[in-house]
Amino acid sequence: MLDDLRWDSELIRRYDLAGPRYTSYPTAVQFHTQVGAFDLLQALRDSRKAPRPLSLYVHIPFCANICYYCACNKVVTKDRGRSQAYLQRLEREISLIAAHVDGRQVVEQLYFGGGTPTFLSHVELRRLMAHLRQHFTLLDDHSGDYGIEIDPREADWSTMGLLRELGFNRVSLGVQDLDPLVQRAINRLQSLEETRAIVEAARTLQYRSVNIDLIYGLPLQTPEGFARTVDQVIALQPDRLSVFNYAHLPERFMPQRRIDTAQLPSPEQKLEMLQHTLEQLTGAGYHYIGMDHFALPDDDIAIAQEEGSLQRNFQGYTTHGHCDLIGLGRLGHQPDRRGVCAEHQQSHRIPDPARQRPTGDPARSALQRGRPAAARYHRATDLPFPPRFHLRRGNVFHPLSRIFPRAVAAIADDGHRRPDST
């Protein structure tokens, strides 16, 4: 744990420079389009020859309601039937990718993200998990690290029981804020009782871990109001918390255009919220992991941080950095040789079932022809995290300065050791 953690406002102001969105590592600016199906096949071959264990990410893009702050890859619809065409293509992709994976490559980590994965019916969830187990080597005991994102408004005890039966042992609950005024401003009405019911279900059903997501910087938030939300969440005793900074980019994300910019807190207020949150959570016994993440001291990532083995990849902090990450669905990441990962940005369009005709989209066309497709890629890191940040490209490790050049230069100009130096 970082026992000497302290808040330094002057240091924060000194390094107040713009950079890529930090929640993904490597960041989105490292992606490009110069990777195709052949590169993906080579990456899968190298992974198979090793053979390395796997981490699977499955994207379920559907949401029944729109949250104005959301910048996720999603499809908002009340029509539950739209998931059928998507599941068909997702199962096809699973079959295609799995054909290039060795049965000895155990899936140590599995994560369903979205969207809202529980948008799917119980029958569809059973069908999807059965298809994954048919094509990949999933663990049957409690040793797997199998998580799923939950919208407490879209789940109940029966849903939690089904997910536990299917093998999930970790859940991440979206909360964001518990103030009704803030909730109305972001179009996400969700009571504390709804959230508490799912947390209690997870405890009773012996889920290994519960994570809660919060966001600071939303419209109508105040430092005092957000502090009340944090106190209420602490009382629920989640194993982990993710406390994200809201990035308002209405020019890129249409739902955010419904947010009144005049209602957003100032940068100074956001910093005050973050400072109070750090004090509240560390005071409640949580370890500050970094990058807005907190965990109880007996949590896996807190233990890994203490041992110096914690790593970070495109899914965030992980104790499974030795695994090859395979993404499945409308948004996913594929392992390439030497740590390359490919992202399926458009491999699944959501079609009208009555109009099943060929498309000009090369990724989807490749899937229709029975070949896996890759669109964009990034290089994954296989270095311990912390203490140094690197981006792996071939056999050369490119340091953090390639991603955040201005910030690193500012640190060096101040006479400090560069964060990417040995």
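In the predicted model, Gln-206 is found in the loop between α7 (192-204) and β8. The backbone of Gln-206 has a positive phi of about 65 degrees, although the residue is not a glycine. Because its relative accessibility is 61%, Gln-206 counts as exposed. A positive phi of about 75 degrees is also found at Gln-176, likewise not a glycine. Gln-176 belongs to strand β7 (residues 170-176) and is buried, with a relative accessible area of 6%. Most residues other than glycine have a negative phi, and most peptide bonds are trans. The peptide bond from Gly-114 to Gly-115 is cis, with omega near 15 degrees. Gly-115 is placed in the loop between β4 (106-114) and α4.

Helix α4 (residues 122-135) packs with helix α3 (residues 83-98) at an angle of about 10 degrees, and the two axes are 10 Å apart. Since angles under 35 degrees count as roughly parallel, α3 and α4 are therefore roughly parallel to each other. On the α3 side the contact involves Ser-83, Gln-84, Leu-87, Gln-88, Leu-90, Glu-91, Ile-94, Ser-95 and Ala-98, which meet Glu-124, Arg-127, Leu-128, His-131, Leu-132 and His-135 in α4. By class, the contact comprises 6 nonpolar, 6 polar and 3 charged residues.

The largest nonpolar core has 66 residues, of which Leu-110, Leu-132, Phe-136 and Phe-168 touch the most other members. Helix α3 gives the most to this core, with 6 residues. Apart from this core lies another, of 12 residues, including Ile-66, Cys-70, Ile-186 and Ile-215. When residues up to four places away in sequence are not counted, Phe-136 touches Leu-54, Leu-56, Ile-94, Ile-97, Ala-98, Val-101, Val-107 and Leu-328.

Gly-327 is located in strand β14 (residues 324-329). With a relative accessibility of 0%, Gly-327 counts as buried. Gly-327 and Ser-55 are 272 residues apart in sequence, while their C-alpha atoms are 8.5 Å apart in space.

In strand β8 (residues 209-216) lies Asn-211, which is buried, with a relative accessible area of 9%. The side chain of Asn-211 is joined to that of Asp-213 by a polar contact of 2.9 Å. Residues up to four places away in sequence aside, Asn-211 touches Val-171, Ser-172 and Leu-173, as well as Arg-240, Leu-241 and Ser-242.

Key: Residues numbered from 1 in each chain as written. Predicted model: local features only at pLDDT ≥ 70, side-chain atom pairs only at ≥ 80, totals over all residues. Heavy atoms only, no water. Axes fitted to C-alpha atoms, helices over the stretch in contact; angles between N-to-C directions. Helix = DSSP H or I, 4+ residues; strand = E, 2+ residues; numbered from the N terminus. Parallel < 35°, antiparallel > 145°, perpendicular 65-115°, else oblique. Contact = heavy atoms within 4.5 Å. Nonpolar A, V, L, I, M, F, W, Y, C, P; charged D, E, K, R; others polar. Buried < 20%, exposed > 50% of the residue type's maximum accessible area, 1.4 Å probe, protein only. Core = buried A, V, L, I, M, F, W, Y, C linked by side-chain atoms within 4.5 Å. Polar contact = N/O pair within 3.5 Å; in protein donor to acceptor, adjacent residues only side chain to side chain.
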